[in-house]
Each structure stands twice: as C-alpha cells, then as structure tokens.
Amino acid sequence: MEKSAKIYVAGHRGMVGSAIYRKLQNEGFLQIITRTSAELDLRNQQAVEEFFDTEKPDYVFLAAAKVGGIIANNTYRADFLFENLAIQNNVIHQSYKTGVKKLMFLGSSCIYPKLAPKPLKEDYLLTGLLEETNEPYAIAKIAGIKMCDAYRAQYGCNFISVMPTNLYGYNDNYHPQNSHVLPALIRRFDEAKKSNANEVLIWGTGTPMREFLFADDLADACYFLMQTYNEPNLINIGTGEDLTIKDLALLIQKVVGFKGNITFDSSKPDGTPRKLMDVSKLHALGWKHQIELEEGLNLAYQDYLNKH
Ligand SMILES: NC(=O)C1=CN([C@@H]2O[C@H](COP(=O)(O)OP(=O)(O)OC[C@H]3O[C@@H](n4cnc5c(N)ncnc54)[C@H](OP(=O)(O)O)[C@@H]3O)[C@@H](O)[C@H]2O)C=CC1
Ligand SMILES: C[C@H]1O[C@H](OP(=O)(O)OP(=O)(O)OC[C@H]2O[C@@H](n3cnc4c(=O)[nH]c(N)nc43)[C@H](O)[C@@H]2O)[C@@H](O)[C@@H](O)C1=O
C-alpha cells in the first residue's frame, strides 16, 4: 500500500478497527477514510454504493460487523445473520464495482466445525457441524470468505480473508451481558473489588478453552498480511496458545486484585469446548504476536479504568 493511498477502515471506532486505524496512522498513511455507523449504515445498499462511488478507496479493511459474546450471539440470532450478511455483501460488492485494489475481510475462529481436531487448520473449514450458540454469525462469516473467493475467481479481485481468534484490547465492549468473556470478567472483578463482594460468578463450567490475542497485535498482523498475502481461502491469526476459562478468570482476578472467591454458573452455556488455532501458516510467513496474555490484560484493565 502506497502511503498516499486512500484506505477505508470500516468499523474504525470498534476495538479492531480502531487498532488498525492507529497502526496505519503510526505507519504514516495520509488518507485514511472513516465513517461512523450513524454517518454510513453499511446495511444500506444504496448508501454504500454512493459512498464508494464518491470516495473510491484504493484499499479496504472490513472490520465493521455486528459482534458480541456467547449470549448476544445466541439471543440475537437473526440480527447476527442478517446484519453481517448485509454489511459484508454491500462492502465486498461495491469494492468490486469501484475497482478496490485489495480488500481484507475479517472472519472469526467460530467458522470452524465445533468438533474439528485441534489446533484448527485452515482446511478444516466446512468439514463438520458448527457450534450452535454462534451458528448464525459463523454462517455469515463463512459466506464472507466464499464471497471474497468468488469475486477473486470470477472477477480477479484481490480480496483476502483472515480469521482472528478471540480478541481483547483497547475500546473493547464491556457490556455485562453482551460482551465477550475477557472484558465481561474485567468488569465483574473490578465491580466486585470496589463493592467488597465475597464472590464473582463465572458463566458455564470454566472448562472450555480459549485463545486470546491483543487487538493491536491483530492490527499488526492485518497490516503485515495486507502487504504480503494475496491468496484465496483463509488464514488464521492467533497466538497458538490457549487456557481454560477458569485459568483466565484466575489471571484476571490477579490483575484486578480481587481477594474473594470465584464460583461457576453452569446454567450458562459453555459454547465450543476448545477452538485453538493452528497458526503455522502465519508463522511461516514471518509474523508472530508480541503481547502475551498477562501483559495485555494489564493494558486492557488500565484502558477499562480510564473509561469507567
Ligand atoms: N472481538 C472479537 O473477539 C473478535 C472480532 N472479530 C471480528 O473483528 C471485526 C471487528 O470486531 P470488533 O472490533 O471486536 O467489534 P466492535 O463491536 O468493537 O466494532 C464493530 C464496529 O462495526 C461498526 N458497525 C456495526 N454495524 C454497523 C453498520 N450497520 N454500519 C456501519 N458500521 C457498523 C461499528 O461502528 P460504530 O462504532 O460507528 O457504530 C463498530 O465500530 C468483526 O468483523 C468481528 O467479527 C473476529 C474474531 C474475534
Ligand atoms: C470471538 C467469539 O466469541 C463468541 O464465542 P465464545 O468464544 O464462546 O465467546 P465468549 O467470549 O462470550 O465466551 C467464552 C467462554 O467464556 C465463558 N464465560 C464465562 N463468564 C463469562 C461472561 O461473563 N461473559 C461471557 N461472554 N462469557 C463468559 C462462556 O460461557 C464461554 O464458555 C462467539 O459467539 C463468536 O462471536 C466469536 O467469534
């Protein structure tokens, strides 16, 4: 990407989009185009068409999506399917129509079959049934991968798909019900500490395993792949390391400094038992994460404290 190129970061106020925006600014890009969802609703086909016709971006990072944790995905099943399909259909199709040089589509590790062998290799896509709690979101993301590949095959578009693992970082969503586990627990432990509560409740059994990547590391990987990777199919972005939700809770408890107990609410869903990514393809290209989990948790907790 040339430093003077017009780069559209869709979703620039979100956790991932804001990290990509910071990365591009730090690298000296001069024309980063942004719109909030209030200014440009990406579900609106006509508005997206007008925006692309007017702005004609050279490069697109598609980091706008309807996003949430296990309960949000399971509760708003129609919204997660419809909104994500609409956003990605509009952005990918208009990128083709206006001659965007390269587009990056962000998927998620939940596109892999629930019981696929671990670690999850890219070629396990569509080899089995999906996890029920986030099936609508995963179906939309799989459609996004297939759209990028179809536009590459039929029209020669350089559209690539990356699959990040579970993410956390600056500008995360700390909603008590709708957020992902890591920000939810930062908030719950912090509130328990401040109110001198005796215990913190963790959803599920604590036995599922998850892999976590700091969003600024993800942005760095996205930037790296945008410069170097021009292939169909998908590429995983993660750390290659995971831990149980119980161990994550104990680590967050330590970082926050909560002295009470933790208990488990097994009436809440566990979701996928494990979704560790195989990151050998990314490592072979020469990229590896920098920020380890405990360091990232301290950074995220400071960001939470600054804003709450
Ligand atoms: N968070 C995670 O753990 C993971 C995220 N991902 C993927 O990364 C990407 C970004 O996620 P993340 O940053 O966490 O999500 P956020 O919820 O933090 O940000 C999403 C952004 O999308 C924008 N957006 C949502 N709906 C619309 C719309 N209708 N029109 C225009 N913009 C819209 C929002 O814009 P505004 O602020 O202006 O309303 C918001 O800034 C997504 O594709 C997600 O699937 C993948 C794996 C894990
Ligand atoms: C990124 C990924 O995120 C989603 O999948 P998920 O990994 O299952 O998401 P999660 O972060 O919400 O939960 C992880 C684990 O943690 C447990 N857990 C404990 N206590 C809390 C808690 O307080 N909140 C939440 N949310 N989970 C909790 C929870 O029960 C589960 O076992 C997808 O829907 C999909 O959107 C997607 O791609």
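1. A residue is called buried if 20 or more other C-beta atoms lie within 10 Å of its own, exposed if 12 or fewer, and partly exposed in between, with C-beta atoms placed from the backbone. Arg210 has 21 C-beta neighbours inside 10 Å, so it counts as buried.

2. This is a predicted model, in which local features need pLDDT of at least 70 and side-chain atom pairs count only at pLDDT 80 or more, while totals for chains, interfaces and linings use all residues. Residues are numbered from 1 along each chain as its sequence is written, and chains are lettered from A and ligands numbered from 1 in the order in which they are written.

3. Start with the sheet. It is open and has 6 strands, in the order β2-β1-β3-β4-β5-β10, with parallel pairing (strands pair if DSSP finds at least two bridges between them; strands are DSSP runs of E, at least two residues, and helices runs of H or I, at least four, numbered from the N terminus). Neighbouring strands are turned by 20° against each other on average, direction ignored (axes are lines fitted to C-alpha atoms, for helices over the stretch in contact, and angles run from 0 to 180 degrees between N-to-C directions).

4. Look inside the sheet. Strand β1 (residues 6-10) runs parallel to β3, and 4 bridges join the two. Tyr8 stands opposite Val60 in β3.

5. Two helices meet these strands. α1 lies across β1, β2, β3 and β4 (102-106), at about 155° to β1. Helix α7 (residues 215-228) packs on the sheet and touches β3, β4, β5 (159-164) and β10. The direction of α7 makes about 155° with that of β5. Contact here means C-beta atoms, placed from the backbone, within 7 Å.

6. Ligand 1 has 24 residues around it; Gly11, Gly14, Val16, Ser37 and Ala65 are the closest (a residue is near a molecule if its C-beta atom, placed from the backbone, lies within 6 Å of it). α1 (15-26) and β6 (166-168) each supply at least two residues of this shell. The largest share, 3 residues, comes from α1. The shell divides into 11 nonpolar, 9 polar and 4 charged residues (Ala, Val, Leu, Ile, Met, Phe, Trp, Tyr, Cys and Pro count as nonpolar, Asp, Glu, Lys and Arg as charged, and the others, Gly among them, as polar).

7. Ala65 deserves a look. The residue lies in the loop between β3 (59-62) and α3. Ala65 is buried, because 25 other C-beta atoms lie within 10 Å. Leaving out residues up to four places away in sequence, Ala65 touches Gly11, Asn84 and Ile87.

8. Ligand 2 is surrounded by 25 residues, the closest being Gly69, Val181, Trp203, Gly204 and Gly271. α3 (70-75), α6 (181-194) and β7 (199-203) are the elements that give two or more residues to this shell. α6 gives the most, with 3 residues. By class, the shell holds 11 nonpolar, 11 polar and 3 charged residues.

9. An unreviewed UniProt entry places the feature "binding site" at Arg188, Trp203, Arg210 and Asp270 (positions use the numbering here, feature names are shortened, and annotations may be inferred rather than shown by experiment). Arg210 lies in strand β8 (residues 209-210). Beyond four places in sequence, Arg210 touches Asn166, Val181, Asp242, Ile245, Leu248 and Lys275.

10. Asp270 sits in the loop between β12 (261-265) and α9 (280-285). Asp270 has 16 C-beta neighbours inside 10 Å, so it counts as partly exposed. Neighbours within four places in sequence aside, Asp270 is in contact with Gly204, Thr205 and Pro208.
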